[in-house]
Amino acid sequence: MAGPVAEQHLKVMKNGYKLSVGRDVLTGVIVILAILMFAGTGGTVVTDAIDSLSGQPGTGDNVLVPAFLLNIALILFGWRRYKDLTKEVEERAAAEERANSLAATDPLTGLLNRRTIGERTAEMISIAQRKQKSITFLMLDLDNFKNINDVHGHSAGDAVLKEVAKRVSRVVPPHNLLARLGGDEFACAFIFAPEQPKMVERIADDLIDAIAAPIIENGHQLVVTTSIGMSRYDSDSEGVDALMRRADIAMYCSKRQGRNRHCWFDTSMEQELQTRSLLEEGMRSGIPGGEFFPYFEPQIDLLTGKLTGFETLARWESPTQGSISPEIFIPIAEETGMIGDLSIQIMRLALNQAKNWHPSLSLAINISPIQLLDPWLAQKIVKLLLETGFPPNRLEIEITESALFDNLSLAQSIVGSLKNQGIKIALDDFGIGHSSLAHLRALPFDRIKIDRSFVASILENAESQAIVRAINGLGESLGMPITAEGIEDQETEAALRTIGCAKGQGWLYGLPLSMEETDEILAERGLLQDEEQEHDRKDITAWLADPKYLPDEPKSLQKVH
C-alpha cells in the first residue's frame, strides 16, 4: 500500500508546488517593478523622503515620496520572501525525495517494491542485450513463515523479513536488483554470461543456506527456509512480465518438490499449470454436477477369507477429460478448499449405496487432514447418517496421522463426538511419517492400518517385515486389530496371516468396484439386505434422530451463542 499512497502524496505535493511557484512569480514581478521604480525616482526624491521622515517641509512631489517609501517596503518584502522561498524549495525537494523513495521501495526492508523491480528489470534487459548477456530473475518465497507469525506474532515476523532482506543483500552480487514483492516473497535480478547458468545456481544455493540459518529474536530461535524459482531472459525471450511469471511458476514447482530448494523454469511447468487450471475449473462445476462417484475396494478377513466390508475411494468421470485419477484431483481439492464438498458428496452416495448391504459388511471412508480442521465435521457426518439411514456402528472413519499435527485438541473433539455415535475410528497409513505412540494414547482408535509401502516389500525386505510384526504386536497389546493395505499376491497374504494381521485389502481381492459392480457381486453372494433387515435399519434411523444422540456443538463455536 505504501507505493500508491506515496504516489498520491507526491502528486498532491507537486500540484501545491505549482500553485506556490505561481504566487512567487507574481511576487517577484512586483519586486522587480519596485526596484526599477526605485532606480528611476531615487535620485530626485531621496532628499524629500528624508525631510518627510524627519518632519521637515519638503519642496518635492508629494506623490513620489510615498511611492519611494513603498518601493523600499516592497524590496524588503521581496528579500524576505526570497529567503522563505529558498527554504521552502529545499524542504519540498527533500519531501519529494522521500515520496519518490516511498513510491519505489518497500518501507519495511528498504528493498525495491513489485512495481519498481519490474521497471528496473526492463532497463537491465536493455543493458544486457547491448552486452549480449542474459538476465536471471529469482523469485523467493519463505517456507514456514506463517507459523512464525501465528506463534510469535507479527513483530517477530517483521524482524525475520528484515533479517532475510539483509542476508539476500549480502549474497546477491552488488549493483543488482533486490525487491520485496509483498508478504514473504522476495525477488532479485542480475546479469550473467549465457554460458554460465551454474553461477546462478551457486547463488541460489548460497541464498538457501543463508536464509536457513536460525534468526534469534527476543530469545527465540526462528527458522525459515526458502523455495526459489529461476527464469532467464535471452535475446528471443518475450519480456519482463513473462520473465517474472515464469520465475513464479518455477518457485511453486520448488514448493511441490519439497521446499527449501531451487528450480529452473521450463515449458512443461507452464503446460502443467494450464492443465491444473483446467482441472480446477472442471472440479468447480463437476462437484455440484454429479461427476464424482464412490468406488469400493474389498476388505477381507485374513483368517477366514470372508468379505468384511469395503473402503470407499473417490473417482472422477469428467465428460470432457475422461477418467481422472484421485492422485491428481485430491491434492487440487485440498489446496483449493473443495475437499469438504467433494468428500460430503462421495460420502452421501456411498452411505446410500451401503445401507442396502448385509449388516455384517462395514464401510470405511477416508477423511482428509483439511477436513479434520472443520469443527463441524462430526455434525456433518451424523447428518449424513440421518439422511441416508446408514447404521453408525457399520461406519469406520479413517484418519491419517499427519492430520493430527495441525490441531490435536480439535481432532480429539471430533473423534470423541463420532465415537459417541458408535462410529469406529481407524488410524490410516501407520508406519510412515511421524508415527507416534502418543497419538495412539491420545485418541480412541479402533483399528490400525499398515501402509502399503511396508506390505509390498514384506517378502524381500527384512526391515519391512520387522516393522509389520512390531505394528501388529503393538495393535494386539492395545486391543487394536490390524488391517494391511496393498496385498497383491497370495505369498504376501500368507505372510501377513502368519504374522497375525486381522484384515487385508489390495488387488489380490480385485480392483475397486463401481456402485453397480459392487451390488452385482453382493447380490450373487446373497449379501444385500432383505425387507426384515430394512425394517431394522429404519429403527436405527429413528434412534439416530433423537436429539440426545446428536454430537455436542464444537466447543470452539459455543462461545458465539
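Start by selecting D184: leaving aside neighbours within four places in sequence, D184 is in contact with L140, D141, L142, F145 and L161, where contact means heavy atoms within 4.5 Å. This is a predicted model, in which local features need pLDDT of at least 70 and side-chain atom pairs count only at pLDDT 80 or more, while totals for chains, interfaces and linings use all residues. Residues are numbered from 1 along each chain as its sequence is written, and side-chain values use heavy atoms, with hydrogens and water left out.

**Stop 1: around D184**

Stay on D184, in the loop between β2 (177–182) and β3 (185–192). Helices (H or I, at least four residues) and strands (E, at least two) are DSSP runs, numbered from the N terminus. Is D184 buried or exposed? Its relative accessibility is 17%, so D184 counts as buried; the cut-offs are under 20% relative accessible area for buried, over 50% for exposed and in between for partly exposed (1.4 Å probe, protein chains only).

**Stop 2: the whole chain**

Zoom out to see 19 helices and 16 strands in the protein chain. Of its 561 residues, 44% are buried. Among contacts with a separation of 6 or more, 70% join residues 24 or more positions apart.

**Stop 3: two nonpolar cores**

A nonpolar core is a set of buried Ala, Val, Leu, Ile, Met, Phe, Trp, Tyr and Cys residues joined through side-chain atoms within 4.5 Å. The largest has 57 residues, and L351, L363, L372, I381, L395, I397 and L496 touch the most other members. Pick I381: not counting residues up to four places away in sequence, I381 touches M347, I367, L395, I397, L418 and I423. A second, separate core of 29 residues includes L111, F145, L178 and F186.

**Stop 4: α10 against α11**

Next, select helix α10 (residues 339–354) and helix α11 (residues 377–388), which pack at about 35° with axes 10 Å apart. Axes are lines fitted to C-alpha atoms, for helices over the stretch in contact, and angles run from 0 to 180 degrees between N-to-C directions. The crossing of α10 and α11 is right-handed; a crossing is right-handed if the near helix is turned clockwise from the far one by less than a right angle, and left-handed if anticlockwise. Show I344, M347, R348, L351 and N352 of α10, which meet K380, I381, L384, L385, E387 and T388 of α11.

**Stop 5: α5 against α6**

Move to helix α5 (residues 154–171) and helix α6 (residues 197–212), packed at about 150° with axes 10 Å apart. How are α5 and α6 oriented to each other? They are roughly antiparallel, a term for angles over 145 degrees. V164, R167, V168 and V171 of α5 make the contact with I203, D206, L207, A210 and I211 of α6.

**Stop 6: two positive phi angles**

Finally, select N260, in the loop between α7 (240–256) and β7 (262–264). N260 has a positive phi of about 55° although it is not a glycine, and with a relative accessible area of 35% N260 is partly exposed. Then jump to D429 in strand β13 (residues 424–430). Phi of D429 is near 55°, again a positive value in a residue other than glycine, and at 22% relative accessibility D429 counts as partly exposed.

Key. Angles under 35 degrees count as roughly parallel, over 145 as roughly antiparallel, 65 to 115 as roughly perpendicular and the rest as oblique.
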